[in-house]
Amino acid sequence: MTGQERDRRITDLGTLKALAHPLRMNLVRALTIRRVATASQLAEQVDEAVSLVSYHLRKLAEYGLIEEAQPQSADGRERWWQPASDGLSIRDEDFRDAPEKAAAHTAASRLFAEQRTEMYRRWLDERAHWGPEWNRAAESSESHLRLTADELAELNKELLAVVRRYDARGHAAEAAGDSEGRESVAVHTYAFPFRP
């Protein structure tokens with residue numbers, strides 16, 4: 001989404017709670033992939049009633065997470081939506097100063113992890129239906145490194161830069177009309193310290 005804020009940083013509890021709802025997070029994810037959509041289109045994608053989806057879209061808009069988009073059709077009754085930013089960022093340091101904030105951040109992080117895990121489980125269940133090229137290209141790995149906190153931060157920054165480079169490449173190709181063979185691809189990385 002050119003011209004939009006990159007990785008809007010969520011720092012307030014209200015916005016975090018608005019996002020940390022299973023259906024709302026699914027709607028944000030679906031809208032990020034589609035770029036623009038109506039409540040009817042999103043309701044079909046998430047298999048929910050249009051009225052329920054419309055309510056949650058309005059809540060997301062209330063917190064500035066999505067916004068109205070230019071109409072994509074001549075039907076003036078349709079309300080089109082788009083993400084308000086090009087990505088979201090939620091950092092632990094913004095929710096540490098009060099127990100309620102820390103608990104909300106933990107709950108939201110667990111929800112996001114559960115949804116990502118469900119996406120991966122769905123891939124595992126459905127991968128036999130994808131072509132061999134997609135099965136060869138898909139990756140699942142686990143690495144155990146010995147790093148300092150600063151090195152971990154640097155690694156995360158470099159990984160994000162690579163993902164953004166490929167994201168920009170894909171968007172530019174689609175804008176040029178090259179959509180042949182392109183699919184939505186989820187990239188989930190977790191990098192965290194642990195003690196064996």
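His 56 counts as buried, because its relative accessibility is 6% and the cut-off for buried is under 20%. This residue of the predicted model is found in helix α4. When its neighbours within four places in sequence are left aside, His 56 is in contact with His 21, Leu 23, Arg 24 and Leu 27.

## The chain as a whole

The chain contains 7 helices and 5 strands, and, read along the sequence, these elements follow the pattern β-α-α-β-α-α-β-β-β-α-α-α. The C-alpha atoms fill a box of roughly 60 × 50 × 35 Å, when the box is taken along the principal axes.

Of the 196 residues in the chain, 26% count as buried.

## The largest nonpolar core

In soluble globular proteins, nonpolar side chains tend to be buried together. The largest nonpolar core of this model has 26 residues, and those with the most contacts inside the core are Leu 19, Leu 27, Leu 42, Val 53 and Leu 57. Helices α1 (13-19), α2 (22-34), α3, α4 and α5 each supply at least two residues of this core, and α2 gives the most, with 6 residues.

Which residues does Leu 19 touch, leaving aside its neighbours within four places in sequence? Leu 19 is in contact with Ile 10, Arg 24, Met 25, Val 28, Leu 65, Leu 88, Ile 90 and Phe 112.

## How α3 packs against α4

Two packed helices are described by the angle between their axes and the distance between the axes. Helix α3, which covers residues 39-46, and helix α4, which covers residues 50-62, pack at an angle of about 110°, and their axes are 9 Å apart. Because angles of 65 to 115 degrees count as roughly perpendicular, α3 is described as roughly perpendicular to α4. The crossing in which α3 passes α4 is right-handed.

On the α3 side, the contact is made by Ala 39, Ser 40, Leu 42, Ala 43 and Val 46, while α4 contributes Val 50, Val 53, Ser 54 and Leu 57. Sorted by class, the residues of this contact are 7 nonpolar and 2 polar, with no charged residues. Leu 42, Val 53 and Leu 57, which take part in this contact, are also among the residues with the most contacts inside the largest nonpolar core.

In the loop between α3 and α4 one finds Asp 47, whose phi is near 55°, a positive value in a residue other than glycine. Is Asp 47 buried or exposed? At 66% relative accessibility, Asp 47 counts as exposed, because the cut-off for exposed is over 50%.

## How α2 packs against α3

The axes of α2 and α3 come within 10 Å and cross at roughly 115°, and these two helices are therefore roughly perpendicular to each other. Their crossing is right-handed.

The residues of α2 that make the contact are Leu 23, Asn 26, Leu 27, Ala 30, Leu 31 and Arg 34, and those of α3 are Gln 41, Leu 42, Gln 45 and Val 46. By class, the residues of this contact divide into 6 nonpolar, 3 polar and 1 charged. Leu 42 and Val 46 of α3 take part in this contact with α2, and both are also named in the contact of α3 with α4.

Gln 115 lies in helix α5, which covers residues 99-126, and counts as buried at 10% relative accessibility. Not counting residues up to four places away in sequence, Gln 115 touches Pro 22, Met 25, Asn 26 and Arg 29. Thr 106 is also placed in helix α5, but counts as partly exposed at 42% relative accessibility. The C-alpha atoms of Thr 106 and Thr 11 are separated by 14 Å, although these residues are 95 residues apart along the chain.

Ala 153 has its place in helix α7, residues 149-175, and is partly exposed, with a relative accessible area of 45%. Ala 153 and Ser 143 are 10 residues apart in sequence and 16 Å apart in space, C-alpha to C-alpha. Finally, Asp 7 lies in strand β1, residues 6-10, and has a positive phi of about 50° although Asp 7 is not a glycine.

Notes: Residues are numbered from 1 along each chain as its sequence is written. This is a predicted model: local features need pLDDT of at least 70, side-chain atom pairs count only at pLDDT 80 or more; totals for chains, interfaces and linings use all residues. Side-chain values use heavy atoms; hydrogens and water are left out. Axes are lines fitted to C-alpha atoms, for helices over the stretch in contact, and angles run from 0 to 180 degrees between N-to-C directions. Helices (H or I, at least four residues) and strands (E, at least two) are DSSP runs, numbered from the N terminus. Angles under 35 degrees count as roughly parallel, over 145 as roughly antiparallel, 65 to 115 as roughly perpendicular and the rest as oblique. A crossing is left-handed if the near helix is turned anticlockwise from the far one by less than a right angle, and right-handed if clockwise. Contact means heavy atoms within 4.5 Å. Ala, Val, Leu, Ile, Met, Phe, Trp, Tyr, Cys and Pro count as nonpolar, Asp, Glu, Lys and Arg as charged, and the others, Gly among them, as polar. Buried means under 20% relative accessible area, exposed over 50%, partly exposed in between (1.4 Å probe, protein chains only). A nonpolar core is a set of buried Ala, Val, Leu, Ile, Met, Phe, Trp, Tyr and Cys residues joined through side-chain atoms within 4.5 Å.
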